[in-house]
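Welcome, and take a moment with the sequence and the 3D view below. The notes that follow go from the chain as a whole to one of its elements.

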Amino acid sequence: QVQLVESGGGLVQPGGSLRLSCAASGFTFSSFAMSWYRQAPGKERELVATISEIGGSTNYANSMKGRTTISRDNAKNTVYLQMNSLKPEDTAVYYCDARRWERNKWVDYWGQGTQVTVSS
């Protein structure tokens, strides 16, 4: 059974930091690219960051560059998102996604999300 379980969200003051984790099980983690997305109330889900299968390549949304680091530990089947200098506009539900090209189509697995609230 495929599972992606996010953790580490919560309430943080502006300027603070959070480290999100996403623990994966039920599939070959190291063969999937991993991403973090977020969705704020009333807005579409947007990509935050992506890391390649073995972690050699990363990409970030412009809004998160310089404040965010995505990393993965394939031995622990876990992907992380370190967020610093958080702003109120970073408030959203953060989701992790596992994706790979398989049988001529993209296969995506999603977690249930973790709430991040940035507020004083």
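## Surface and charge

Accessible areas here come from the Shrake-Rupley method with a 1.4 Å probe. For this predicted model, the accessible surface of the chain comes to about 6,600 Å², and carbon and sulfur atoms hold 46% of that area.

As for charge, you will find 13 positive and 10 negative side chains. The centres of these two sets lie 2 Å apart.

## Overall build

The chain has 11 strands and 0 helices. Its radius of gyration is 14 Å, close to the 14 Å that the globule rule gives for 120 residues, so the chain is as compact as a globular protein of that length. Along the principal axes, the C-alpha trace spans about 45 × 30 × 25 Å.

Of the 120 residues, 41% are buried. If you look at contacts between residues at least 6 apart in sequence, 54% of them join residues at least 24 apart.

## A closer look at β4

Strand β4 covers residues 33–39. Because 6 of its 7 residues are buried, β4 is largely enclosed by the rest of the structure.

Which strands does β4 pair with? Strand β9 (residues 92–102) runs antiparallel to β4 and is joined to it by 7 bridges; here M34 stands opposite A98. Strand β5 (residues 46–51) also pairs with β4 in the antiparallel sense, over 5 bridges, and E46 in β5 is the bridge partner of R38.

β4 and β5 form a hairpin with 6 residues between them. In its turn, G42 has a positive phi of about 80 degrees.

How values were computed:
Residues numbered from 1 in each chain as written. Predicted model: local features only at pLDDT ≥ 70, side-chain atom pairs only at ≥ 80, totals over all residues. Heavy atoms only, no water. Helix = DSSP H or I, 4+ residues; strand = E, 2+ residues; numbered from the N terminus. Rg over C-alpha atoms; globule rule 2.2 N^0.38 Å. Buried < 20%, exposed > 50% of the residue type's maximum accessible area, 1.4 Å probe, protein only. Contact = heavy atoms within 4.5 Å. Lys, Arg positive; Asp, Glu negative; His and termini not counted. Charge placed at Lys NZ, Arg CZ, Asp CG, Glu CD. Pairing = 2+ DSSP bridges.
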